Structure formats: C-alpha cells, structure tokens
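Student: I would like to learn how to read a protein model, one feature after another. Could you take me through it with the structure in view?

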Amino acid sequence: MLSHRILQKMLTTCLVSSFSPSSGFSSLSACGDRLKQERVFSSLDVLEYSKVSLDSNPLHFDLECAQKAGFEDRLVPGMLVASLFPRIIASNFPGAVYVSQSLQFKSPVYIGEEIIGEVQATSIRAMKNKYLAKFKTKCFKHGDHLVIDGEATAILPTLAMEQGKSII
C-alpha cells in the first residue's frame with residue numbers, strides 16, 4: 001500500500017492510477033488523458049437555450065441577418081457549444097464541481113454541424129478527499145477544425161469514472 005505522501009507526489013506529477021478491475025470503473029489515470037463527446041445542435045436546442053439565457057440575438061434565428069453579418073448560416077450560441085465541457089466532466093465524474101472556465105471562440109458553429117467536445121487532463125492534485133483537476137478544453141468540427149479553445153478546472157469526488165465511459 002502506498003503511503004499518503006507518495007500518493008500525493010504521484011498525483012501532482014500526473015501519474016495517478018486508481019483503476020480497479022473489480023470495481024467496474026476505469027480512472028482518469030494520467031495527464032494527457034482525453035474524454036470526448038459528440039453533439040449536433042439543432043434549431044430546437046438554440047430556441048430552448050434562448051428561452052433560458054434570454055439570448056435573442058438574431059444571428060441565431062434569422063438566416064438573412066446571419067448572412068448579412070458574413071456568416072454562412074444561423075449560428076449556435078458559443079456558450080451553448082461550450083456547455084459540452086461541464087457535460088463531459090460531470091457525465092464521467094458524477095458529483096464533479098465545475099470551478100472555472102476560460103474560452104476563446106475561434107470559428108462559428110452552425111446549426112446542424114457535428115461538434116466534438118474534448119477535455120484533456122493537464123494536472124491533477126489531491127486535496128483532502130477530493131481532486132482538483134485542470135483540463136484543456138477544445139471543440140472541433142469537420143474532424144480537426146478548432147472552434148473553441150480554453151481551460152477548465154473542476155473538483156472531482158474521485159478519479160474513478162463511471163462504467164461504460166472511456167478515456168480516448
């Protein structure tokens with residue numbers, strides 16, 4: 001059994017492995033591990049988001065307005081696209097607390113495009129009975145076209161991920 005001091009040192013250098021085959025869970029095992037989810041945002045998604053956020057920007061609803069502004073089609077709100085990041089983290093680590101997020105919007109996302117959200121662990125630090133994890137956050141369309149770039153921090157209750165989830 002590893003001492004607490006050795007375990008903490010391993011965590012701060014991103015060499016953690018808490019995989020236990022009998023537990024039915026895999027784990028966030030190292031810095032560099034990536035989690036991904038795909039999503040296609042629909043007109044209904046944009047409408048429902050606008051109701052909650054009160055974002056009534058015509059670029060999201062009026063094709064002519066979007067085209068006059070230089071876009072090909074109606075835009076998906078950037079914050080709706082960025083909602084993939086806390087979704088990815090919380091769906092893999094139930095009970096995670098999303099602490100911070102920085103974002104840079106690099107390219108527009110249009111309704112109906114497939115978006116791949118990705119979070120990549122960059123540091124994991126033990127704190128009492130939880131873990132402070134920092135992630136690079138990115139969204140892509142058309143395979144490798146970067147649309148959002150950023151960083152996030154979350155407090156994870158465990159490094160074990162729900163069964164059926166996988167690190168890419």
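Student: In which helix does Leu 47 lie?

Tutor: Please keep in mind that what you see is a predicted model. Leu 47 belongs to helix H2, which covers residues 43-53.

Student: Is Leu 47 buried, partly exposed or exposed?

Tutor: A residue is called buried under 20% relative accessible area and exposed over 50%, with partly exposed in between. Leu 47 has a relative accessibility of 36%, so it counts as partly exposed. Together with Leu 44 and Phe 61, Leu 47 makes a nonpolar surface patch of about 260 Å².

Student: How should I read the strands, and in what order do they stand in the sheet?

Tutor: The general idea is that strands of a sheet pair through backbone hydrogen bonds, and that the pairing is either parallel or antiparallel. In this model, five strands form an open sheet in the order S2-S4-S5-S6-S3, and their pairing is antiparallel. Strand S2 (34-40) and strand S3 (97-105) stand at the edges, and because each has a single partner strand, one side of each is left without a neighbour in the sheet. From one strand to the next, the twist averages 20 degrees.

Student: How many bridges join S2 to strand S4?

Tutor: There are seven bridges between S2 and strand S4, the latter made of residues 114-127, and the two strands run antiparallel.

Student: Now for the charged residues: how many salt bridges does the count come to?

Tutor: The general idea is that side chains of opposite charge can pair when their charged atoms come close. Here a side-chain nitrogen of Lys or Arg has to be within 4 Å of a carboxyl oxygen of Asp or Glu, and by this rule the count comes to seven salt bridges. One of them joins the side chains of Arg 39 and Asp 45, at 2.9 Å from N to O. With a relative accessible area of 25%, Arg 39 is partly exposed.

Student: Which parts of the chain does the pair of Lys 141 and Glu 113 link?

Tutor: The side chains of Lys 141 and Glu 113 meet in a salt bridge of 3.3 Å, N to O. This pair links distant parts of the chain, since Lys 141 is in strand S5 (residues 130-141) while Glu 113 is in the loop between S3 and S4, 28 residues apart. Lys 141 counts as buried because its relative accessibility is 6%, and Glu 113 is buried as well, with a relative accessible area of 13%.

Student: What does the side chain of Lys 138 meet in a salt bridge?

Tutor: Its partner is the side chain of Asp 149, at 2.8 Å from N to O. Lys 138 is in strand S5 and Asp 149 in strand S6 (residues 145-156), so that the pair links distant parts of the chain, 11 residues apart. Lys 138 has a relative accessible area of 21% and is therefore partly exposed. Salt bridges can also be linked in a network, as they are for Arg 34, Lys 36 and Glu 118.

Student: To finish with the whole protein, how many helices and strands does its secondary structure come to?

Tutor: The secondary structure comes to five helices and seven strands, and from the N terminus on the elements run α-β-β-α-α-α-α-β-β-β-β-β. The protein has 168 residues, of which 35% count as buried.

Technical notes:
Residues are numbered from 1 along each chain as its sequence is written. This is a predicted model: local features need pLDDT of at least 70, side-chain atom pairs count only at pLDDT 80 or more; totals for chains, interfaces and linings use all residues. Side-chain values use heavy atoms; hydrogens and water are left out. Patches are made of residues with over 30% relative accessible area and no salt bridge: like charges are joined within 9 Å, nonpolar side chains (Val, Leu, Ile, Met, Phe, Trp, Tyr) within 5 Å. Accessible areas come from the Shrake-Rupley method with a 1.4 Å probe; for residues, only the protein chains shown count as cover. Helices (H or I, at least four residues) and strands (E, at least two) are DSSP runs, numbered from the N terminus. Buried means under 20% relative accessible area, exposed over 50%, partly exposed in between (1.4 Å probe, protein chains only). Two strands pair if DSSP finds at least two bridges between them. Axes are lines fitted to C-alpha atoms, for helices over the stretch in contact, and angles run from 0 to 180 degrees between N-to-C directions.
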